[in-house]
Amino acid sequence: AALQVSISLNKVELSVGESKFFICTAIGEPVRLEWFNPQGERIVASRRMALHTEASRSRLIIYNAIIEDAGIYRCQATDANGHTEEASVVLEIYQRLTFRDVQSPQEFRHGETAEVVCDVISSPVPAVVWYYQDREITEEPHSRYMVLPNNNLQIHQVTKADEGVYRCEASVEARGEIDFVDIAVVVNVPPVLSVFQQSFNATADYQESVTFTCITSGSPDPLVTWHRKSQQLEPSEQYILSRLEGGRSMLTIRNIRQSDGGTYSCRATNKAGVQERELFLKVFVQPHILQLKNVTAVEGSAAMISCLAEGEPLPEVSWRRASDGQTFMDGLRSSDSRVEVRGRHGKSELTISGVKLTDLGRFDCEALSRIGGHQKSMFLDIEYIPKFLTNHTVYFSWEGNPVNISCDVMSNPPATMLWRRERFTIPTEGTHNTRIHSAEGKSVLEVTPMSDRDFGRYNCTARNNIGVRYQEFILAQADVPSNPHSVRLSAVSQRLATVTFMTPDSHGGVPINYYLVQYREAGSLEWRDVRSHSVQTTVVLTGLEPNTTYEVRVSAVNGKGQGEFSHTESFQTLPIREPSPPAVHGQRGVGKAYRLGLVKQDDGGMPIVEYIVKYKTDKEEQWMTKLVPGAQDFAMLQPLQWNTRYEVEITARNVKGLSEPTFYQFFMPQKPDITESLFSGLGLGAVVGLGLGALLLLLVLVDVSCFFLRHCGLLMCITRTLCGKKTATGGKGKELEEGKAAYL
């Protein structure tokens, strides 16, 4: 066959950095396939150009193409006779849009002419457009913006308002290629420094502190340093450097000495510049209290408090009592003449005669001069003999019942406490029937009386270095309560009675737990018990027999036991009588029925056997009667007539007889529309407007057997379904007629 050569592609465009392969195919019997570059040189496989050759197929791969790779590539096939054929492909290399090392952010100084660099290359040369805040930057007359020939953006006298993100967008129209890069522009503003207060006064040698404050602004945030005598101050125990929000920088000078006076400077530095401000510290020797000590006095004695102060000029000293804010000056007495102040040469003495517990607390000594003032506080402590805090000295108990006798004491200094029984001291570890529980200012003696000897007087002794006090407690035997009185019976009926009574005059020394009410039929020997709920003085007796005389009595029960019974009272329950007239309320029923609710009133002492319900229309003379069992709470009247007023008479009957009648009237409305009535009965009033097809479907779903009754109409079937009457398929007879009558 004749030798033929073809390449898979004829002309290819390739961007710099891309890779591509070409397939050369030879038809015939080639013995050699070779590739030649645009310079006519045979291509030898290398790292950027790879060759994969088979018998009649060769693939040339060019990796990471460069501009110099452009040109015509030839594939040449040679057969055994030395005959050659070739095919060629044209490779065009172009430079894609490329942003080269574009920096973001780019920083500039406030007020200078900024040049925002956007280095972009492509072949052919790209067109560059700049955007700021989604708007294209155009060169208008007197505009501070200008796009330079090198595609950079120039901003004349840049300000902080120019800060933001700028978009450099490049495009090559010939290829429809477009790309962009966002560049953040940062404008650095030189520091601006201000101070609220430039001059400060301070007092030397008294561990005082002064804080200088500088407020700085700028961008970026300035670095603030503090200087004195051309030396930068570093943090130390004396110098505290701190920075707060809002550009506040502070220098705190601690333990001020006289040598700390002079000029200090606050220096703010950032990329855009430096600013410095001076502050001045003037150090004075102001009043200072050298000596003021806490004092302890005994209640009723005198207390003397001394305050020594110095300063230049010599200060005046005054006192203030913290408890009430009262001030005491030199040479003046208090309103009660107990407090007096005398002072001279910076020393002041405050004397309190007849010290009271109300004098306890803090006193402030204040030294003042025209330079300033100084204040210190002391505490006046009052020692006093123990004081008992409780007047509860009588306790009740009984044999075997433990009781806690509490002795509460207030004293300064704290008192030691012990218990005595007659002439003997009860040991702290207790005895066989006593235990002692102690806490600060409190001692509890737990006594479990075992016999009459354990009742009587117990003594609590409290002692401190000021004195000793005693308090006597009595442990008395508890007794059962006295009898309740004024027993009364109220709300007596056939089977119920309410018992009320007054509490006993004495509860026996311990609280009453409950009341026991006993009752019995007159002549009976057996009492029945009813306990009160807690200590309520009202008890309801239930399950009584009608027309029966009863006796009732009441006693109180406490922890010691049950007290005596009250005087016995008699009462008689009411005899059985006819029931009270029942209360009624009406409710419209379904179809031609009316539901009459029956509310049972007083049954007269015996259950209601039945209700006799008579009803008739207002135009008839003859009554219809319906008997309703007494346990039932309603009567269903049916069938009734449409558009008719009815009168009803209801009487309740028990074994004793009939109640008075209750009269009631109601009105039956007009006969409703048949379709509305049917669906209203089903609870489907919203579907009255359904078509015949939907109605038949509903009929099938409700009752299939009824659907096939050929002798009854559609209306009959629906009526039967609503009335709950179901007949097997093809059924005839009485049930259908009953369903029809119930509706009509």
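Where does UniProt place the feature "domain: Ig-like"? The unreviewed entry puts it at residues 3-90, 95-179, 191-282, 287-381 and 386-476; UniProt positions follow the numbering used here, feature names are shortened, and annotations may be inferred rather than shown by experiment. The model is predicted: local features need pLDDT of at least 70, side-chain atom pairs count only at pLDDT 80 or more, and totals for chains, interfaces and linings use all residues. Residues are numbered from 1 along each chain as its sequence is written, and side-chain values use heavy atoms, with hydrogens and water left out.

Two of these ranges can be described by secondary structure, taken as DSSP runs numbered from the N terminus (helices H or I, at least four residues; strands E, at least two). Residues 191-282 are 0% helix and 64% strand, with the end C-alpha atoms 28 Å apart. Residues 386-476 are 0% helix and 60% strand, and their end C-alpha atoms are 26 Å apart.

Aromatic rings come next. Rings of Phe, Tyr and Trp (its six-membered ring) pair if their centres lie within 6.5 Å; planes under 30 degrees apart are stacked, over 60 edge-to-face, and the rest tilted. The count is 11 aromatic pairs. Phe501 and Tyr515 have ring centres 5.0 Å apart and planes at 65°, so this pair is edge-to-face. Phe501 belongs to strand E45 (residues 497-502) and Tyr515 to strand E46 (residues 512-521), so the pair ties together parts 14 residues apart in sequence. Phe200, Phe212, Trp226 and Tyr264 form one aromatic cluster.
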